Amino acid sequence: MGGLAKGLSVIETFTAERPRQSIAEVSAASGLDRATARRCLLTLAHLGYADYDGKFFTLTPRVLRLGTACLAAMPLPQMVQPWLDRLSEDLGESSSVSILDADEIVYVARAAQRRVMSIALMPGSRLPAYCTSMGRVLLAALPEAEAMRRLRLNPLAARTPLTLTDPDAVMGAVRRARERGHAVIDQEVELGLRSIAVPLLNARGVTVAALNLGLPTHAGDAEALVARYLPPLERVQGEIRKILR
C-alpha cells in the first residue's frame with residue numbers, strides 16, 4: 001500500500017503549470033527521493049498512465065479513468081446539472097458546482113455559456129480555494145481553525161495584482177462569506193473575471209458543495225453583481241436543497 005500511496009503522490013505532482021516533468025522535478029514536488037520517483041514514473045509509463053520521451057514524463061488520457069470513475073459514482077453532478085443548464089440559459093452566463101478537496105475546489109458540474117477564463121474549466125478541473133468565490137463559501141462552512149489550517153497548507157500565490165495572499169486577510173473574506181451567505185471575487189483568479197457563489201446545503205443544513213456564476217468585469221461592479229445575480233442563485237440554492245439528503 002505504501003507503493004500505491006507513492007504512485008498517487010507522483011500523479012498529483014502533474015498540474016496545468018507542470019504538465020511535463022523530469023524525474024528530478026517530480027522528486028522535488030512529491031518529496032520522494034529520486035530513485036523512488038523514478039520507479040514510480042517508470043511503473044506509470046509501463047501501465048500506460050504516463051509517457052516518457054527519455055527525459056520528461058507526461059500523463060496520458062488513461063489517468064482520466066481514475067477521475068471519471070469517481071464523478072460517475074457521485075450522484076451530485078447528475079442531480080445539479082439540470083439546474084445549472086437552466087440557470088445559465090436564463091442568465092446567459094456560465095455556472096458551476098464544486099466541492100472542497102484540501103485547499104482546492106474541484107469542479108463536479110458545469111454549464112458554460114461563454115468562455116470567461118483563459119483556461120477551459122470542466123468537471124475535474126481544480127482551482128485554489130483561497131481566491132475563488134466557491135472556495136471561500138466552502139471554507140466558510142468549516143470550523144475556523146480548520147479553514148485556517150487549509151489556507152496554510154501551501155503558499156498563497158498572487159494570480160493577479162488583486163489576489164489576497166495573506167492568510168489572515170483571506171480568513172477575513174471567509175468570515176464575511178459566512179455572515180452574508182455568499183462570496184464575491186473581483187479579479188483575484190484572473191483579470192477581467194468576477195464571480196459570485198453561494199453554498200449548496202442539504203436538507204439538514206450541511207454545506208455539501210458550492211454554486212457560482214462566472215462573469216466578465218463589464219457585467220457590472222461587485223455591488224451590481226450581487227443585486228442582479230444573487231437572487232437567482234439563492235432560488236436555485238433553495239430548489240437544490242430540497243433534493244439533497
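Start by selecting Arg178 and Glu144: they form a salt bridge, with their closest N and O atoms 3.6 Å apart. Here a salt bridge means a side-chain nitrogen of Lys or Arg within 4 Å of a carboxyl oxygen of Asp or Glu. The pair links distant parts of the chain, since Arg178 is in helix 8 and Glu144 in helix 7, 34 residues apart. Helices (H or I, at least four residues) and strands (E, at least two) are DSSP runs, numbered from the N terminus.

Before moving on, a word about what is on screen. This is a predicted model, in which local features need pLDDT of at least 70 and side-chain atom pairs count only at pLDDT 80 or more, while totals for chains, interfaces and linings use all residues. Residues are numbered from 1 along each chain as its sequence is written, and side-chain values use heavy atoms, leaving out hydrogens and water.

Now show the whole of helix 8, residues 167-180. Its 14 residues reach 20 Å from first C-alpha to last, close to the 20 Å expected at 1.5 Å a residue (the expected span is 1.5 Å times one less than the number of residues). Which of its residues are buried? They are Pro167, Val170, Met171, Gly172, Ala173, Val174 and Ala177. Buried means under 20% relative accessible area, exposed over 50%, and partly exposed in between (1.4 Å probe, protein chains only). Their cover includes helix 6, helix 7 (144-151) and strand 7 (183-186), where contact means heavy atoms within 4.5 Å.

Next, select helix 6, residues 133-140. Eight of its eight residues are buried, so helix 6 is largely enclosed by the rest of the structure.

Then find Arg126 and Glu104, a salt bridge with closest N and O atoms 2.9 Å apart. Arg126 lies in strand 6 (residues 126-128) and Glu104 in strand 5 (residues 104-111), so the pair ties together parts 22 residues apart in sequence.

Last stop: an open sheet of three strands in the order 1-3-2, with antiparallel pairing. Two strands pair if DSSP finds at least two bridges between them. Strand 1 (20-21) and strand 2 (50-52) stand at the edges, each with a single partner strand, so one side of each has no neighbour in the sheet.
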